[in-house]
Amino acid sequence: VPDGTWTQAGRIARRDPAAAGAEHVRLPEAGPSRYTLRATDREGAVSTLEAIARALGVLEGPAAEAHHLPVIDEFVRRALRRRAGLERDADDRPRTA
């Protein structure tokens with residue numbers, strides 16, 4: 001799974017010899033992206049983590065996708081808290097950069 005913006009991922013797919021013969025697939029729609037750290041105008045766009053979770057859902061069943069969604073949610077939650085300066089260390093002190 002190429003990781004990057006849509007433009008970067010397309011470039012990787014075109015330039016990487018290992019990806020030259022790879023089949024392109026479209027994942028089924030599953031609602032809006034949970035990844036709220038970046039915005040996009042693309043309908044149905046999801047983060048790389050979400051795409052992997054959805055692919056696992058297609059290949060292995062809904063439970064495989066559902067298993068990974070809380071991890072994505074926690075990643076986003078922590079990133080947003082860090083942005084807001086709310087993330088705390090083990091001693092409950094605000095983390096400093």
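**Entry 1: serine 47.** I began with the neighbours of serine 47: leaving out residues up to four places away in sequence, it touches Ser33 and Tyr35. I count a contact when heavy atoms lie within 4.5 Å. I then placed serine 47 in the loop between α1 (6-15) and α2 (48-60). Helices are DSSP runs of H or I with at least four residues, strands are runs of E with at least two, and numbering starts from the N terminus. Is serine 47 buried or exposed? Serine 47 counts as buried because its relative accessibility is 11%. The classes are buried under 20% relative accessible area, exposed over 50%, and partly exposed in between, with a 1.4 Å probe and protein chains only.

**Note on the model.** I am reading a predicted model, where local features need pLDDT of at least 70, side-chain atom pairs count only at pLDDT 80 or more, and totals for chains, interfaces and linings use all residues. Residues are numbered from 1 along each chain as its sequence is written, and side-chain values use heavy atoms, without hydrogens and water.

**Entry 2: the whole chain.** I found three helices and zero strands. Along the sequence the pattern reads α-α-α. Of the 97 residues in the protein, 18% are buried. I also looked up contact range: among contacts between residues at least 6 apart in sequence, 44% join residues at least 24 apart. The accessible surface is about 7,700 Å², and 54% of it belongs to carbon and sulfur atoms. That area comes from the Shrake-Rupley method with a 1.4 Å probe.

**Entry 3: α2 against α3.** I checked how α2 packs on helix α3 (residues 62-83): the angle is about 165° and the axes are 7 Å apart. So α2 is roughly antiparallel to α3, a label for angles over 145 degrees. The axes are lines fitted to C-alpha atoms over the stretch in contact, and angles run from 0 to 180 degrees between N-to-C directions. Which residues of α2 meet α3? From α2 they are Leu49, Glu50, Ala53, Arg54, Leu56, Gly57 and Glu60. Their partners in α3 are Pro62, Ala64, Glu65, His68, Leu69, Ile72 and Phe75. By class I get eight nonpolar, two polar and four charged residues in this contact.

**Entry 4: valine 76.** I moved along to valine 76, which sits in helix α3. Valine 76 is buried, with a relative accessible area of 5%.

**Entry 5: proline 32.** Back in the loop between α1 and α2, I looked up proline 32. Proline 32 counts as exposed because its relative accessibility is 73%. Proline 32 and alanine 45 lie 13 residues apart in sequence, and their C-alpha atoms are 7.9 Å apart.

Note on methods: Angles under 35 degrees count as roughly parallel, over 145 as roughly antiparallel, 65 to 115 as roughly perpendicular and the rest as oblique. Ala, Val, Leu, Ile, Met, Phe, Trp, Tyr, Cys and Pro count as nonpolar, Asp, Glu, Lys and Arg as charged, and the others, Gly among them, as polar.
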